Number of protein chains: 2
Amino acid sequence: MDKAPFDSYLREISDLIGSRLSRLIPEGWDVPDNLVQSMSYSLMAGGKRLRPLLVIAAAESLGASREAAVPVACAVEMVHTYSLIHDDLPAMDNDDYRRGKPTNHKVFGEAMAILAGDGLLTHAFHFAVEAARYGVPAEAVLAIVEELSRYGGPAGMVGGQAADMEGEQGLTDAAHLQYIHEHKTGDLIVFSVKAGGRVGAGDPVQLQALETYGRAIGLAFQIQDDILDLTGDETKLGKKTQSDVKQGKVTYPYFHGLEQSREEVARLTRVAKEAVTGGSIPDPLRLVQIADYLLQRDH
Amino acid sequence: MDKAPFDSYLREISDLIGSRLSRLIPEGWDVPDNLVQSMSYSLMAGGKRLRPLLVIAAAESLGASREAAVPVACAVEMVHTYSLIHDDLPAMDNDDYRRGKPTNHKVFGEAMAILAGDGLLTHAFHFAVEAARYGVPAEAVLAIVEELSRYGGPAGMVGGQAADMEGEQGLTDAAHLQYIHEHKTGDLIVFSVKAGGRVGAGDPVQLQALETYGRAIGLAFQIQDDILDLTGDETKLGKKTQSDVKQGKVTYPYFHGLEQSREEVARLTRVAKEAVTGGSIPDPLRLVQIADYLLQRDH
């Protein structure tokens, strides 16, 4: 089967997700205007849509329809977006800008930003359940819901964020940093790939291959973020560089140096690609392209 | 069938829920200590456990086992608790005490309080899914998950809270107050009763009766809260009275007077009891007792 070039594929999926997310609230639901505006503001602020991309690419790598993967893809983007809104709050990272735009609380105030985050997190589960309408069996949808809770919750992303807060108090060592990377960023990426596998009715071997892939690119992604924070172009990043250093956050390059960090990103990318090209995944092309794309990104 | 006195029943369920919630994190999950402590602090701060009580009473009214209702009962208590933690934050109601104890952010700091709320909300869905292990069919569990998201989310509790924030800016009229009451407090109570009904494999007529019951006691509960805020005993309430007045919040007694407010609570209690004693609910005794108990409470 012929495939569109990777950049068209990226654009196609980003447009699809943007379009679905712009219809955030089902018809007939009565939601205060300012809450919808606050949730939509951050949701439509133009991120990379990496997590939705992974859900869809993983589902399609097993032959599932794109349509069936879209609700879960939106759910994970909503969870990611809520985490950014809460992370940016004055009590947390106290960031005024995100992707070059004022952060949610700078526009809507702190109270509404907290509620927009709470609303997005809660509403994400509505989207996750929607997968059942596209032929995904109820048991598979329940597994997706349980994993969205686990990888997004206290033992996942929220735990990583809590550990990161401790890190700012100077308690960090390399093992602690590993915990933060695995959970704060990695877990939701692993969830995305695995959930796509569940939409595609993956068997245990396939789900394991996808999890290995997700774990590797998740860690690579975070180390690359740390590298870009040190060396990146502020215009492309949409935020100031060296903010980690200024906030006293320890990062992978802090412990292991820039050179070794770059090698680790390259190694993890190889691990990821090998996991999905070993034979269990029928059509791994997009997953391979995504791994290469993440390795080369400059923002 | 002989039944234990109502106060033993209350204590029994409260102990059961407390015991299950004290094992919040599954074995083998790696969660930062301070996050677990912060979540547990508010979860074990000794609330009335009204919502778990409603889940269990509704499930048992249809003949379901108590065991099958416990996970969902815990889930709704976690969602309720997260909402209290976030409501108390300085950017929201800025409360220093809750149930006579320092609020979460006074003990753990604002960042951890935000994360404890996020963690409880996310982890609640883990508990909800657990119902499937007790024989509740996957489709019924999915309906519970979807409704926890809907009644707890932007069109439910979070929406009510957002509308309440607007109210503090002096925009409130009686219709706006109705929206706040229905969603901020009412929706999670309706969810509890309905979810219990789903655990008990309720048919549409039974679910409708339970929803009518839940809607009526939810509104009665909130009006009673407003009355107690005006007239209650600070020691019993565990917080200062007239805080609504001081914060410029409009309440049911503000619009309709104390006398009419008390009559409305009594009327709603009758509506609730009639809904479940009309014949569709096999064993409505506990639901009737709960309605009476809420009418008479002084805290």
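Modeller: Buried area is the accessible area (1.4 Å probe) that two parts lose on being put together, summed over both. This is a predicted model: local features need pLDDT of at least 70, side-chain atom pairs count only at pLDDT 80 or more, and totals for chains, interfaces and linings use all residues. Residues are numbered from 1 along each chain as its sequence is written, chains are lettered from A and ligands numbered from 1 in the order in which they are written, and side-chain values use heavy atoms, with hydrogens and water left out.

Biologist: What area do chain A and chain B bury between them?

Modeller: Contact means heavy atoms within 4.5 Å, and 48 residues from chain A and 48 residues from chain B take part. A:Thr122, A:Leu142 and A:Pro154 supply 16% of the area that chain A buries against chain B, more than any other three residues. Carbon and sulfur atoms account for 78% of the total, which is about 4,000 Å².

Biologist: Which helix gives the most to the side of chain A that touches chain B?

Modeller: Helices (H or I, at least four residues) and strands (E, at least two) are DSSP runs, numbered from the N terminus. Helices H2 (33-43), H4 (66-88), H6 (110-130), H7 (138-152) and H8 (157-167) of chain A each supply at least two residues of that side. With 13 residues, the one that gives the most is H6(A).

Biologist: How many salt bridges does the rule find across the interface of chain A and chain B?

Modeller: A salt bridge is a side-chain nitrogen of Lys or Arg within 4 Å of a carboxyl oxygen of Asp or Glu. Over all chains, a search of the whole structure finds 32 salt bridges. Across the interface of chain A and chain B, the number is 0.

Biologist: Are B:Lys194 and B:Glu147 buried or exposed?

Modeller: The side chains of B:Lys194 and B:Glu147 meet in a salt bridge (3.7 Å, N to O). B:Lys194 lies in helix H9 (residues 174-199) of chain B and B:Glu147 in helix H7 (residues 138-152) of chain B, so the pair ties together parts 47 residues apart in sequence. Buried means under 20% relative accessible area, exposed over 50%, and partly exposed in between (1.4 Å probe, protein chains only). Both B:Lys194 and B:Glu147 are buried.

Biologist: At what relative accessibility does A:His80 stand?

Modeller: A:His80 is found in helix H4 of chain A. Leaving aside neighbours within four places in sequence, A:His80 is in contact with A:Arg51, A:Arg99 and A:Leu188. A:His80 counts as buried because its relative accessibility is 11%.
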